[in-house]
Amino acid sequence: MASHRRPKQPSHGYTSVLTATAAVTVALSAQSASADPLPDPNKKGVQAQVDRLYEEATQATEKYNGAKESAGELQKEADNLHEEVVRKQAALNELRQQLGSVATAQYRSGGLDPSLQLLLSTDPDAYLDKASGLDRLSARQSDTLKRFLSQQRALQQQRTQAAEKLESLQDTRKELGSKKKEIQGKLAEAQRLLNTLTAEERAERAAKEERANRASERVELGNEASASGRTAAAFDAAKSRVGMPYVWGATGPGSFDCSGLTSWAFRQADVSLPRTSQAQANVGTRINSIGALKPGDLVIMRTDLSHVGFYAGNGQILHAPKPGAQVRYESMARSGMPFMWGVRI
């Protein structure tokens with residue numbers, strides 16, 4: 001008779017191990033399915049490189065602004081010298097005509113005075129070494145001749161100065177072109193790197209920038225005593241530009257770089273500031289402590305003084321930060337730029 005044995009049941013301990021193993025497997029599978037992917041180190045590297053290129057572009061922008069301001073000043077000086085040369089040349093031509101009349105009269109009366117012969121030669125300045133030749137000239141004629149020689153020397157000196165200014169202007173314009181090329185190269189490289197990101201990654205970066213721009217609408221500025229007078233008017237003008245885009249080299253009213261914003265704002269208050277952050281760092285009264293700043297003071301950032309904005313209160317700066325950003329309020333502590341000092345205009 002066949003026997004029917006009950007199958008042997010697994011032990012309680014073995015069952016527990018199987019159950020635990022299955023549970024862990026399911027848990028790990030679920031975790032793998034639901035957890036965020038690990039950050040891509042290449043993605044992080046691209047973001048860091050883009051930020052670095054933007055920073056370098058803003059630093060180069062201030063050098064470009066300085067060269068552009070220098071070019072403008074040199075052009076004015078060269079134009080003024082040119083106008084002075086034209087005036088002096090006209091006066092010199094008039095004196096030459098007077099001396100020509102004297103020479104003609106003397107020639108008709110019996111020969112040309114040696115002094116006038118020397119004057120009309122290729123080296124009239126040598127006349128000063130032959131002053132005794134004035135004996136045959138009247139006092140009035142002698143004075144005319146002296147003025148002619150003096151103005152001739154002054155004219156030559158100003159022509160030399162004008163030529164030097166034009167040479168400096170040419171060098172400065174070359175520097176302008178070089179800086180412009182450098183800035184455009186950095187921005188183009190940053191864009192190339194951004195194009196290596198996925199559409200989702202670019203959207204994430206844009207959203208982050210947009211959140212920073214929108215944060216300006218909710219910033220708490222505190223109750224610190226503000227600067228008064230024209231500085232307060234300049235600060236109010238800057239506040240009216242929140243939301244305008246950063247554009248390198250721009251001075252408003254619809255777009256700005258960092259020093260373009262501060263110089264434009266003060267122009268609205270009838271105050272003329274230098275164009276660059278480095279030059280603005282050395283005007284007014286220096287404020288070395290963040291705690292001593294008042295809203296409306298200028299804030300100088302970075303060790304090379306290549307960034308400037310307005311202190312807005314409560315540790316905030318109102319500025320045009322970088323390419324791709326808007327004029328906005330931002331925490332100085334989170335800006336990534338070291339504070340150097342403040343300036344009270």
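Helices here are DSSP runs of H or I with at least four residues, strands are runs of E with at least two, and both are numbered from the N terminus. What you have open is a predicted model: local features need pLDDT of at least 70, side-chain atom pairs count only at pLDDT 80 or more, and totals for chains, interfaces and linings use all residues. Residues are numbered from 1 along each chain as its sequence is written, and side-chain values use heavy atoms, with hydrogens and water left out.

**The whole chain**

Colour by secondary structure to begin. Of the 345 residues, 36% count as buried (under 20% relative accessible area; over 50% is exposed and in between is partly exposed, with a 1.4 Å probe and protein chains only).

**Along α4**

Select helix α4, residues 139-194, and pick out K186. This lysine is buried, with a relative accessible area of 18%. What does the side chain of K186 make a polar contact with? Its partner is the side chain of E56, at 2.9 Å (a polar contact is a pair of N or O atoms within 3.5 Å; within protein, one must be able to donate a hydrogen and the other to accept it, and residues adjacent in sequence count only if both atoms are side-chain atoms). Leaving aside neighbours within four places in sequence, K186 is in contact with L53, E56 and A57.

Stay in α4 and move to K179, which is also buried, at 15% relative accessible area. With neighbours within four places again left out, K179 is in contact with A60, K63 and Y64.

Next, click E73 in helix α2. At 44% relative accessibility, E73 is partly exposed. Draw a C-alpha to C-alpha distance from E73 to K165: they are 92 residues apart in sequence and 10.0 Å apart in space.

**The nonpolar core**

Show the largest nonpolar core, which has 36 residues (a set of buried Ala, Val, Leu, Ile, Met, Phe, Trp, Tyr and Cys residues joined through side-chain atoms within 4.5 Å). A265, F266, L298, I300, F310 and L318 touch the most other members. α2, α4, α6, α7, β2, β3 and β6 each supply at least two residues of this core. Zoom in on L298: among the residues it touches are T262, F266, F310 and W341.

For α7, select 258-268, where nine of the 11 residues are buried; W264 is one of them. Just after α7, D270 takes a positive phi of about 60°.

**The largest pocket**

Finish at the largest pocket, with a volume of about 860 Å³. On a 1 Å grid over the protein atoms alone, a pocket is an open set of points where a 1.4 Å probe fits, with protein on both sides within 12 Å along at least five of seven lines, and lining residues have an atom within 4 Å of a point. Grid points are joined across faces, edges and corners, and the volume is the space filled by probe spheres set on the points.

Of its 29 lining residues, K208, K322, R328, E330 and R334 lie nearest the centre. Which element gives the most to the lining? Select α5, which supplies seven residues.

Technical notes:
Contact = heavy atoms within 4.5 Å.
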